[in-house]
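I wanted to look up how charged side chains pair in this structure. My notes follow.

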Amino acid sequence: KIKNIHTVVDGKTDLHKEISVEIIKEQKENKNIFIEADVSKSEVYPGEQIILKYYLYYKVRTNNYDVRKFPKLTGFLKRFNQDQQRKERVKYAGEDYIRILLYSSALYTKTDNNLIDPIVAEVSYPIRGSSDPFSGFGFGFRQQRKKTYLSDEVKISLLDLPAPIPNDFTGLVGEHQFNLSFNKEKALVNEPIEIKLTVTGKGNLEEYTVSDILDSNYFDKFESSSKLDINPDYTATKTFLFTYLPKYNIDQKSKIMKMSVFIPGKGYQTIDLQIPRLTVKGGTELSQVLTNKDRALPQIPIDSNSIIGPYLSKSNSVLENPIKIFNLFLGIACLIIIILIIFTSPIFRSIFNPGEFSGIQGKNFNYSNVYRFLDRLDKSTMSAREKVKTSSLRSEAKLYFLSVLDSKSFSKFSESKKNVESKFERKYFKEAKNLINSELDEEN
């Protein structure tokens with residue numbers, strides 16, 4: 001307070017009332033324009049979805065805005081969503097504002113006390129009471145001012161999942177829908193069985209994986225892939241595609257595969273997926289294969305005068321009689337012919353020469369043979385498609401092999417469709433063969 005203020009005018013003194021001045025630590029924020037980071041929740045479980053939206057609020061006329069710096073959101077897995085940037089009238093702290101969306105995303109975190117960093121935007125608006133000199137001529141332009149605004153940081157705290165955690169817990173948090181389907185329930189040995197699993201929900205599906213669905217004792221997993229689709233409502237759908245090859249005869253009864261998710265406020269929920277009865281024929285029984293491994297080889301009686309006699313009989317001399325001499329030369333000739341046939345056959349070269357591709361042509365130009373050939377591009381655990389993409393093949397060769405894999409994908413892996421759409425191009429297979437051979441030479 002300022003007291004005892006006197007003024008003297010023409011010799012006359014006047015006493016004025018005291019004046020009160022309020023001193024504050026910080027300048028009061030101008031709430032005519034501001035930016036706020038709006039989060040759906042600040043305390044979450046690992047893998048639980050957070051909806052983040054940055055809004056620009058204003059209650060005075062603005063002419064333009066420009067985002068100068070987007071948030072990094074370090075430590076979060078981000079699922080960006082392209083929301084419509086429309087203006088809307090809202091109430092904030094009891095006052096009317098217009099707000100517009102600057103940026104939105106779904107977030108997931110695994111660490112505690114993670115910070116949502118600010119977004120920075122520059123806003124231009126007219127200065128009150130100022131006008132252009134030409135306003136008298138009817139133009140009415142006002143002077144513009146630009147000011148930078150940024151939102152406050154928001155801390156996200158991590159909650160512990162309640163114990164005990166089920167053994168079949170998928171790691172997904174929130175409501176989810178699962179769907180499992182098989183293309184066939186009866187098959188022959190080495191006939192592909194295709195399985196499709198779709199999962200839809202708000203959980204962290206980007207990092208969600210699925211283990212084997214069928215018993216590895218009876219089935220080989222020939223191929224697996226996944227695809228993620230983002231939906232407008234911040235949910236996502238992940239589709240898993242599996243191809244299994246049966247190894248033995250089997251009559252597997254229908255059974256249930258359990259999947260558990262955690263729903264905040266409700267606890268763990270178990271979803272039952274039906275695996276149908278599977279019947280496989282045309283091969284041997286697994287029990288018979290295991291039994292035969294333990295059996296001793298039968299003893300074959302040897303006739304010393306037969307064709308194989310000179311080699312397997314107990315005689316010490318091959319030159320005892322003319323029959324043994326003839327059998328000796330006949331056996332050597334047969335052995336040479338067999339070796340020549342084996343080493344010159346396409347099947348042998350495709351087995352012992354990883355870069356050979358002659359066994360793929362014609363009726364053998366199918367998805368299975370092409371996939372096995374491309375899978376030798378390197379020794380990583382990536383799929384053949386990823387190995388093609390990351391290889392040093394020319395662009396046109398990559399496009400060709402990717403189109404072959406697409407046209408012969410497991411959805412078309414039936415006998416009636418496996419040899420359509422794509423043609424065998426020797427030049428591209430030769431280029432891939434040279435790349436495989438060069439990789440083998442470097443290893444040697």
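Entry 1. I started with aspartate 66, which forms a salt bridge with arginine 68. Their closest N and O atoms are 3.4 Å apart. I noted that the model I am reading is predicted.

Entry 2. I turned to aspartate 220, which forms a salt bridge with lysine 247. The closest N and O atoms in this pair are 3.7 Å apart. Where do the two residues lie? Aspartate 220 is in strand 18 (residues 219-230), and lysine 247 is in the loop between strand 19 (236-246) and strand 20 (250-252), so the pair ties together parts 27 residues apart in sequence. Both are partly exposed: aspartate 220 at 38% relative accessibility, lysine 247 at 27%.

Entry 3. I checked for shared partners. Salt bridges join Asp66, Arg68 and Glu122 into one network.

Entry 4. I looked up lysine 59, which forms a salt bridge with glutamate 95, with the closest N and O atoms 2.1 Å apart. This pair links distant parts of the chain, 36 residues apart. Lysine 59 sits in the loop between strand 5 (50-58) and strand 6 (64-69), while glutamate 95 belongs to strand 9 (residues 95-109). Lysine 59 is partly exposed at 37% relative accessibility, and glutamate 95 is partly exposed at 35%.

Entry 5. How many salt bridges does the count come to? I wrote down 19 salt bridges.

Key: Residues are numbered from 1 along each chain as its sequence is written. This is a predicted model: local features need pLDDT of at least 70, side-chain atom pairs count only at pLDDT 80 or more; totals for chains, interfaces and linings use all residues. Side-chain values use heavy atoms; hydrogens and water are left out. A salt bridge is a side-chain nitrogen of Lys or Arg within 4 Å of a carboxyl oxygen of Asp or Glu. Helices (H or I, at least four residues) and strands (E, at least two) are DSSP runs, numbered from the N terminus. Buried means under 20% relative accessible area, exposed over 50%, partly exposed in between (1.4 Å probe, protein chains only).
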